[in-house]
Amino acid sequence: MQRKLIFGYSKEGKMGTTLPKCDVPQKTITDLIPQNLLREIPNNLPQVSEPEVVRHYTNLSTLNHHVDKDFYPLGSCTMKYNPKINEAIAGNSQFTEIHPAQLSDTTQGSLKILYEVEKYLCAITGMNAFTLHPAAGAHGELTGVMIIHKYHKSKGNKKKYILIPDSAHGTNPASVMLGGFKPIKIKSTEEGLVDIEDLKSKLNDEVAGFMLTNPNTLGIFEENVLEISKLIHSVDGLMYMDGANMNALLGIVKTINMGFDITHLNLHKTFSTPHGGGGPGGGPIGVIERLKKFLPVPIVVKENDDYKLEYNLPDSIGKIHSYFGNFNVILKTYVYLRMLGENGLKNVSKNAIINANYLRECLKDKFQIASPRIPMHECVFSGDKQKEKGAKTLDIAKRLLDYGMHAPTIYFPLIVSEALMIEPTETESKETLDRFIEIMLKIDKEIEDNIDDVKNAPQSTPNSRLDEATASRNLDVNYFLKNS
Ligand SMILES: *Cc1c(COP(=O)(O)O)cnc(C)c1O
C-alpha cells in the first residue's frame, strides 16, 4: 500500500514535464517579478516524474471510499451515482471559460440555463420562484430564515421563535439561531411523527414559523402536514420545508400542496452532484408568490427572448453569494433534469422508495426497525439488539468497511438509540442491495460467533480505528511521511 506523501518521491532534478527548446530570449524570474514580491526562501515543491504523480493520486483516490467504488448508503446524504455526462458537460470550455462579470449579452446561454433550472424547480415543488444562490442546504435554510425575518418585519409582527421537531437535521436549529430566532423543540410521537399536542402547547403569537423535514429523518412522511401548516398559518407563521431529501417526492408530491411557503432543495443530493468533503453544493430555495420580493439579488429575468440580471428589488434580503451561486452545480442539475424529464424524475423517487423498503423488509428480522410506519427513501434501524449481544452500532459500521462498503449514517436521528440510517438511493441494482443485506446479516452472525472480528474492525482499510476526535482536531499531515 502506497503511504508516502508526494514529497516522499521527490528527488532533486527529477522532471514531470518536457518543455520545447526556448526560442525567445531567456529571462530570469527577477527580470519579470519585482524583488519585493519574490519569496525569500524557495518553496519546497516536489520534483517527481509524470507517472509518479499519476500513480500517487490514483492510489490515493482509492484509499477512501467513494460512490464510484462501491455502495454508499449514507442516510439523509443521498450518495447516489452521479452520471458522468454531467461532468463532461460541466467541463466544457464554453462554460468553464466564461466569467460571471461578463456583460449579459455575451452570456445568454448560461443565463438561460439559470432561468430554466429555476422554472423546473418551480414545476417540481409548485413554488412560484426560486433563487439558485445558496451554496448548500444549510445556506438555503439561512436564506429562508432571513426571508421569514424580513416578512415579519415588513408586517410589523413581533416574532421570536421557530418550531423544529426533535428529529431534525442539526443545521435546522443552527440556521434559525443565525437568522435571529430561537428554536423550540417539538417532540416526536412513538411512531416518529410530529407530536401535534406538543406543537399546540408551544404555539403562540410569537412563533415566526415551523421548519419541517418531509419525509422526516426517519424516512417517514408527515401525514399531518396539512394540519400542522394550518396551525402555523393561524398565527401568521410561515411553513419552511427542509427539502434536502426531495429524492422521495419527485413527481409524487409538490411542497406547495403540503402548505409550505418556503422550501430548499439540495442539488448535490437529489439532483446528482458529487458531494462530501465540503462542496461545492447548491441549496436553492423556492418561495410562494407573496415572498418573491424578498429573494436575494440578482434574479434572472426574461424579456422577449433576452435574459438579463435584475438587481433592482427594493425589498430583497440582499446578496447571499457572489454572482449567482455555484453555477457548475446548477449546470449539472440542468443536465440531470433534462436527461430524465418528468417521467424519469418520478421513477427516481419510486425506485428510491422501493429500494429502501426492500432493505427494510430483508433486514427487519435481525435489526430492530425504528418505526412501524412504512418509510419512503430511507429506513432507520436501531442497533439495540446487537448492542445487547456486545457490539455497538459503531462496530457494525466499522465492520462494513472490511467488506468494501460504506457504512450507513449512524447515531442520527438522535431520537433513535444506536441508530443506523440507511439510504440506498435509486441508482443501486437489486444485486448490490442483496450483497449489502447478506453482509449485514453476516455481521449480525459474527457478533454471536466471532465478536472480536467486529470489535476490531476495520482491518482491511489503510487505517484501523482512529481516535476520530483527536484526528480532526490535531490533523497531522506528515503522518504518512513519518510512517512511510
Ligand atoms: C444534508 C441535509 C441538510 C444540510 O445540507 P448541506 O448541503 O449539508 O448544508 C439539511 N437537512 C437535511 C435533512 C439534510 O439531509
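**View A. Sorted by class, the lining of the largest cavity has 8 nonpolar, 2 polar and 1 charged residues.** This is a predicted model, where local features need pLDDT of at least 70 and side-chain atom pairs count only at pLDDT 80 or more, while totals for chains, interfaces and linings use all residues. Residues are numbered from 1 along each chain as its sequence is written, and side-chain values use heavy atoms, leaving out hydrogens and water. Nonpolar covers Ala, Val, Leu, Ile, Met, Phe, Trp, Tyr, Cys and Pro; Asp, Glu, Lys and Arg are charged, and the others, including Gly, are polar. Look for Leu114, Glu118, Phe130, Thr131, Leu132, His133, Pro298, Ile299, Val300, Leu309 and Phe324 around this cavity. Two or more of the lining residues come from each of α5 (108-125), β1 (129-131) and β8 (299-303) (DSSP runs numbered from the N terminus: helices H or I of at least four residues, strands E of at least two). The volume here is about 90 Å³. On a 1 Å grid over the protein atoms alone, a cavity is a set of points where a 1.4 Å probe fits but cannot get out, and lining residues have an atom within 4 Å of a point.

**View B. The second largest cavity has a volume of about 50 Å³.** In total, the structure holds 2 cavities of 30 Å³ or more (points join across faces, edges and corners, and volume is the space filled by probe spheres set on them). Around the second largest cavity you will find Leu218, Ile220, Arg360, Ile369, Ala370, Ser371, Arg373, Pro375, Cys379 and Val380. This lining divides into 7 nonpolar, 1 polar and 2 charged residues.

View C. A pocket is an open set with protein on both sides within 12 Å along at least five of seven lines. Of its 47 lining residues, Leu63, Asn64, Pro462, Asn463 and Leu466 lie nearest the centre. By class, the pocket lining has 23 nonpolar, 16 polar and 8 charged residues.

**View D. Helix α5 packs against helix α11 (residues 327-363) at an angle of about 45°, with the axes 10 Å apart.** Axes are lines fitted to C-alpha atoms over the stretch in contact, with angles from 0 to 180 degrees between N-to-C directions. From α5 come Ser110, Ile113, Leu114, Glu116, Val117, Tyr120, Leu121 and Ile124, and from α11 come Phe327, Ile330, Leu331, Thr333, Tyr334, Leu337, Arg338 and Leu345 (contact: heavy atoms within 4.5 Å). These contact residues divide into 12 nonpolar, 2 polar and 2 charged. Leu114 of α5 takes part in this contact and also lines the largest cavity of View A.

**View E. Helices α6 (residues 137-155) and α7 (residues 171-178) cross at roughly 40°, their axes coming within 9 Å.** Here Ala138, Glu141, Leu142 and Val145 of α6 meet Thr171, Asn172, Ser175, Val176 and Leu178 of α7. The contact has 5 nonpolar, 3 polar and 1 charged residues.

View F. Most residues other than glycine have a negative phi, and most peptide bonds are trans. The bond from valine 297 to proline 298 is cis, with omega near -5°, and proline 298 sits in the loop between β7 (285-287) and β8. Pro298 also belongs to the lining of the largest cavity. Another cis peptide bond runs from alanine 457 to proline 458, with omega near 0°; proline 458 is in the loop between α15 (451-455) and α16. Threonine 78 has a positive phi, near 45°, and lies in the loop between α2 and α3 (84-90).
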